[in-house]
Every structure is written in structure tokens, then in C-alpha cells.
Amino acid sequence: MAERGRRTARAAFRDWRGRRPFWGGLLLALGGAEILLTEKASLKVVMHIGMQGLAGYLLPALMLLLGLLVLFNPAQRLFYSIVGVLVSLGSWLTSNLGGFFVGLLLGVVGSCLAFGWLPDQEARVSRRRRRREHVDA
């Protein structure tokens, strides 16, 4: 019984994930979280370039928020992804070179994935299923 519940929960999550730009939103949110974590690095590692203070925390927090908005409101993904890539690029100046380039790259790649996601695509068919259908035909 628990095995069946696990499979239905996994299938429900897979269906939910398939109806939104999951990887784009996740990478954008992870990029914001990574930059926020590098803000707390020791002073020997921190290289604040440009504006310090509020903007250094505001932009990565906005990246995190935009990533979550992409996940939970995919209808507005185009706006969120455009703002997300601009904020990610802005973090290069305000937040330790965009979290030492890792958060910056995660944010830009996640925003691009969210922007390029198409909502009305058919679900991909696994290789195993294609082989099985080819053998059956």
C-alpha cells in the first residue's frame, strides 16, 4: 500500500513539474540562494564591488522570489524570466561578482530556460517506450 502511495505521489509531482518551467525556476532560485549565502562569507573572501549594503541583499532575494514565482505562476514566466536575467546580471556589480560567478550563471541559465519553455508541448516519450512500440509494430 505504501509503495502504491509513493508511486502516485511521484506521478503527481511529475505531472506538476511537467506543467511549468521547473528547471528554469529552480536554477533561478538556487542562483539567488547561492548569492545570498556568499554574502555571509568571511571578510577575507568577500569582494564587494560597487554598491554595498541593501542592493547586495535585495537583488539575490529578488532572484529567489522570481524563481519561486516562475514555479508557482508559470503563466507570467516571460516577464519573470526577463526580470530574472536582468537582476542576475546586476548581481555581478552588487554581490561579490554574482556569488563568484556561480549564482550569476545559475540565474542566467535558469532565466533562459524559463523564457524558452513552451507550455503546450507533448510529453516526451522515453526511449524504452519507443523501443517497445517499435517492437510491437
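In the predicted model, Arg77, Leu78, Ser81, Ile82, Gly84, Val85, Ser88, Leu89, Ser91 and Trp92 of helix H4 meet Leu104, Gly107, Val108, Ser111, Ala114 and Phe115 of helix H6, where contact means heavy atoms within 4.5 Å. By class, this contact of H4 with H6 comprises 9 nonpolar, 6 polar and 1 charged residues; Ala, Val, Leu, Ile, Met, Phe, Trp, Tyr, Cys and Pro count as nonpolar, Asp, Glu, Lys and Arg as charged, and the others, Gly among them, as polar. Helices (H or I, at least four residues) and strands (E, at least two) are DSSP runs numbered from the N terminus. The model is a prediction in which local features need pLDDT of at least 70 and side-chain atom pairs count only at pLDDT 80 or more, while totals for chains, interfaces and linings use all residues. Residues are numbered from 1 along each chain as its sequence is written, and side-chain values use heavy atoms, with hydrogens and water left out.

The axes of H4 (residues 77-94) and H6 (residues 102-116) come within 8 Å and cross at roughly 165°. H4 is therefore roughly antiparallel to H6. Axes are lines fitted to C-alpha atoms, for helices over the stretch in contact, and angles run from 0 to 180 degrees between N-to-C directions. Angles under 35 degrees count as roughly parallel, over 145 as roughly antiparallel, 65 to 115 as roughly perpendicular and the rest as oblique. The crossing of H4 past H6 is left-handed, that is, the near helix is turned anticlockwise from the far one by less than a right angle (right-handed if clockwise).

Helix H3 (residues 54-72) also packs with H4, at an angle of about 155° and with the axes 9 Å apart. H3 and H4 are therefore roughly antiparallel to each other. H3 passes H4 in a left-handed crossing. On the H3 side the contact is made by Ala55, Gly56, Leu59, Leu62, Met63, Leu66, Leu69 and Val70, and on the H4 side by Tyr80, Val83, Gly84, Val87, Ser88, Gly90, Ser91 and Thr94. These residues divide into 10 nonpolar, 6 polar and no charged.

Ser81, in H4, has a relative accessibility of 3% and so counts as buried (under 20% relative accessible area, with exposed over 50% and partly exposed in between; 1.4 Å probe, protein chains only). Not counting residues up to four places away in sequence, Ser81 touches Ser111, Ala114 and Phe115. A polar atom of the Ser81 side chain lies 3.0 Å from the backbone oxygen of Leu78. The C-alpha atoms of Ser81 and Gly67 are 8.3 Å apart in space, at a separation of 14 residues in sequence.

Ser88, likewise found in H4, counts as buried at 0% relative accessibility. Beyond its neighbours within four places in sequence, Ser88 is in contact with Leu28, Met63, Leu104, Gly107 and Val108.

Ser111 lies in H6 and is buried, with a relative accessible area of 1%. The side chain of Ser111 reaches the backbone nitrogen of Val85 at 3.2 Å. Leaving aside neighbours within four places in sequence, Ser111 contacts Gly24, Leu28, Ser81, Gly84 and Val85.

For the protein chain, the secondary structure comes to 7 helices and 0 strands. Of its 137 residues, 31% count as buried. Among contacts with a separation of 6 or more, 81% are between residues 24 or more positions apart.

Conventions
A polar contact is a pair of N or O atoms within 3.5 Å; within protein, one must be able to donate a hydrogen and the other to accept it, and residues adjacent in sequence count only if both atoms are side-chain atoms.
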